[in-house]
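Me: I'm new to reading protein models and would like to go through one step by step. Can we do it as questions and answers?

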Amino acid sequence: AQSVSQNNHHVILSEAASLELGCNYSYGGTVNLFWYVQYPGQHLQLLLKYFSGDPLVKGIKGFEAEFMKSKFSFNLRKPSVQWSDTAEYFCAVDTVTGTAGGAEHKL
C-alpha cells in the first residue's frame, strides 16, 4: 500500500522566518501530489498541486513545493512566513491509477 508521511508535526516560527515542511511518499510509480491548508475556523483548501512538468510548483500566498522523484519527496516551502500563515498543512498523494495513497497533516 502507498503511504505519505510528514516529518514536522508541530512547527513554531518567528515572522519573516523561512518555512520548509517535509512530505515523503512510498509509491515508486507516477503520482499526483498535493498540499492543502486549513486555516483556523475555515474549510480545507488546495494550496498547490503537481501533476507533471516543472518540478518546482508555485502556489497561493507565496508557497511553493518541489517534486523530487529520486527522493520520493514533495516539500512545501515559503521564504518568509507571516502570522496569517498559522494553519494546519496537509500533504496528499494520488497514484495515476486513481488509487488514493493517503494523506497526513501537520501543524
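Me: What volume does the largest pocket have?

Reply: This is a predicted model, where local features need pLDDT of at least 70, side-chain atom pairs count only at pLDDT 80 or more, and totals for chains, interfaces and linings use all residues. Residues are numbered from 1 along each chain as its sequence is written, and side-chain values use heavy atoms, with hydrogens and water left out. On a 1 Å grid over the protein atoms alone, a pocket is an open set of points where a 1.4 Å probe fits, with protein on both sides within 12 Å along at least five of seven lines. Filling the points with probe spheres gives the volume, and for the largest pocket that is about 380 Å³.

Me: Which residues lining the largest pocket are closest to its centre?

Reply: Lining residues have an atom within 4 Å of a point. There are 16 of them here, and the closest to the centre are Val11, Ile12, Leu13, Asp85 and Thr86.

Me: Is Phe34 buried or exposed?

Reply: Buried means under 20% relative accessible area, exposed over 50%, and partly exposed in between (1.4 Å probe, protein chains only). Phe34 has 13% relative accessibility, so Phe34 counts as buried.

Me: Why is the pair of Tyr50 and Phe74 tilted, in terms of centres and planes?

Reply: Rings of Phe, Tyr and Trp (its six-membered ring) pair if their centres lie within 6.5 Å; planes under 30 degrees apart are stacked, over 60 edge-to-face, and the rest tilted. The centres of Tyr50 and Phe74 are 6.4 Å apart. Their pair is tilted because the planes are at 50°.
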